[in-house]
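Thanks for making the time this morning.

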Amino acid sequence: MANPAVRYEVTATRYRPKTFDELAGQEFVVSTIKNSLNSGQIAHAYLFSGPRGCGKTSAARILARSLNCSANDKGKVSEGPCGICDNCRAISQSASMDVLEIDGASNNSVNDVRQIKDEVLFPPQTGRYKVYIIDEVHMLSTSAFNALLKTIEEPPPYIVFIFATTELHKVPATIKSRCQQFNFRLIPVETIQGILKKICAENGIKADDDALFWIARESTGSMRDAFTLFDQVVSFSRGDDGASVYIRSELIREKLGIIGLEKLNALAEACAANDAPLSFALTDEILGSGVAIEQFIIDFSGYYRSLLLLKNGVTRESILGYRPALFSLKALEAYDSIRLEQALDILLDCYRDVRYSVSPRFELETAVSKLTWLNKWVSPAELKEAIDDARSVMASAGKTGAAPKAGVSRNDEVQTAPVSFSSEVPAPKSYNGADDKRSLTDEFNRMLAAKGNNQGISSEPSNQEEDVPMWSSAVRKTQNENIPEVENVLSVIPGTIVP
Ligand SMILES: Nc1ncnc2c1ncn2[C@@H]1O[C@H](COP(=O)(O)OP(=O)(O)O)[C@@H](O)[C@H]1O
Ligand SMILES: [Mg+2]
Ligand SMILES: [Zn+2]
């Protein structure tokens, strides 16, 4: 009879790599360690660094097994542990007396290290080497590090230290310089997806490619995170019979409260069309479907990030998150890079703000509202350019009464030319609110259009006051007091940052 109390083993544990060849995405580390094993050059101390869940502990155990595998010739080691000898088996069950795993976070005092110093005097019992694997080694106290120094410099010949850390910069240089260092990398999305696919096949699990891709992407390079998320998804993807499992994107979205790309496309299109009512309605619909506000902002900013990358020629699915063809062409074509950067800024600001806000939902709606008039937004750099152009037009008008000639240095003009506006030109008013910002922009566009049409706004001196309204005095001041004044002008416009 089957034992009903069989312990469920999580995928991460079940699929912990047992040989160097099974260690995914760390080719450089693997080939270097294999070479040194094959040539018999065993270091006293190794230092494995890199992000969490990318194989440091696993690699340390594989190395320990390679060193102690009894299938290898006496006195010799080789790259591949057999996996079946007593030593290999004991090490993989963490039961070997010769391989000691120590958590640096909880054994970080100088006394803990002293104990290690005393123990290293006793040779290994069954294997060739006595291996100390110290995880999170950066957590050791300074005095613990100092106590360790001497030991790792000249240990008895049978001792090997393997240190692992996620925070290499916190490991003292004195320790680093006594270790062979290996940097583990984040595992590429495609590699993670491939591993998940293989596991599904091995376990008779049905899964859509894009669902596995989503899990892989979500785990941002950590294999452990990918396995944990995978287990969670499997648990709610079981059929009514309790046995068959089918992993689908739709179900993941529903269960984990994630917005699908179709919804994001629709919302971005509504924003691009300046359709505020529809944008708010879609926002409400998405929130109503159970998506958390922070998740909403993360997904939506991820969407604009993808548009920005697409705009700049990036087409790799692993970077964009989806195939390029799935993104709305309307949303993509509605904006240039500057506007997309601004969209991303608005949403990232919103993400920061919601955490301190009395009403996260209001913050989100304000951000959506800003996005509905994004194509009217002008960046500080563009504004400055427009001001410079206007200065140039007006300055040369003041000098010659005609539109500026091509090739004339703008700055020279500005510095030398007196302006011929009458003193009755109204002073710049103080601006606040989006409407003012818009009228300001319109004003400017009008001026630039005039310039573009080669009509020269000041070619008709009698029309000057009409054509050059509130800007003129600010611009005229600019000529006397130079750039800081331009910055003042820009700083009164809400939402702009003085460059
Ligand atoms: N490079 C890798 N290849 C295959 N599986 C990996 C890899 N890195 C991590 N894993 C999986 O994640 C789990 C945790 O890995 P671990 O080696 O403990 O990571 P770390 O020590 O770097 O945090 C392992 O049990 C294994 O299932
Ligand atoms: Mg680890
Ligand atoms: Zn073995």
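This is a predicted model: local features need pLDDT of at least 70, side-chain atom pairs count only at pLDDT 80 or more; totals for chains, interfaces and linings use all residues.

Let me begin with α14 and α17, which are roughly antiparallel to each other, because the angle between them is about 160 degrees and anything over 145 counts as such. Helix α14 covers residues 293-311 and helix α17 covers residues 337-354, and their axes lie 9 Å apart. The crossing in which α14 passes α17 is left-handed. On the α14 side the contact includes Ile293, Ile297, Ile298, Phe300, Tyr304, Leu307 and Leu308, and these residues belong to a set that meets, among others, Leu340, Ala343, Leu344, Leu347, Leu348 and Tyr351 in α17. Sorted by class, that contact has 15 nonpolar, two polar and four charged residues, and the α14 residues in it include Glu294, Arg305 and Lys311, while Glu341 is one of those from α17.

The next pair is α12, residues 261-272, with α13, residues 276-288, whose axes come within 8 Å and cross at roughly 155 degrees. That angle makes α12 roughly antiparallel to α13, and the crossing of these two helices is left-handed. Here Lys263, Ala266, Leu267, Ala270 and Cys271 of α12 meet Leu278, Ser279, Leu282, Thr283 and Ile286 of α13, which by class comes to seven nonpolar, two polar and one charged residues.

From α5 the residues involved are Val110, Asp112, Val113, Arg114, Ile116 and Lys117, and they meet Ser143, Ala144, Ala147, Leu148 and Thr151 in α6. The class count for this contact is six nonpolar, two polar and three charged residues.

Finally, the ligand. How many residues surround ligand 1? There are 21, and the closest of them are Arg16, Gly55, Thr57, Ser58 and Met223. The elements that contribute two or more residues to this shell are α1 (11-14), α3 (56-68) and α10 (223-236). Looking at the shell by domain, at least three residues come from each of domain 1, which spans 11-183, and domain 2, which spans 189-256. By class, the shell around ligand 1 has ten nonpolar, seven polar and four charged residues.

Terms used: Residues are numbered from 1 along each chain as its sequence is written. Chains are lettered from A and ligands numbered from 1 in the order in which they are written. A residue is near a molecule or strand if its C-beta atom, placed from the backbone, lies within 6 Å of it. Helices (H or I, at least four residues) and strands (E, at least two) are DSSP runs, numbered from the N terminus. Ala, Val, Leu, Ile, Met, Phe, Trp, Tyr, Cys and Pro count as nonpolar, Asp, Glu, Lys and Arg as charged, and the others, Gly among them, as polar. Domain bounds come from an automatic or database domain assignment. Two residues are in contact if their C-beta atoms, placed from the backbone, lie within 7 Å. Axes are lines fitted to C-alpha atoms, for helices over the stretch in contact, and angles run from 0 to 180 degrees between N-to-C directions. Angles under 35 degrees count as roughly parallel, over 145 as roughly antiparallel, 65 to 115 as roughly perpendicular and the rest as oblique. A crossing is left-handed if the near helix is turned anticlockwise from the far one by less than a right angle, and right-handed if clockwise.
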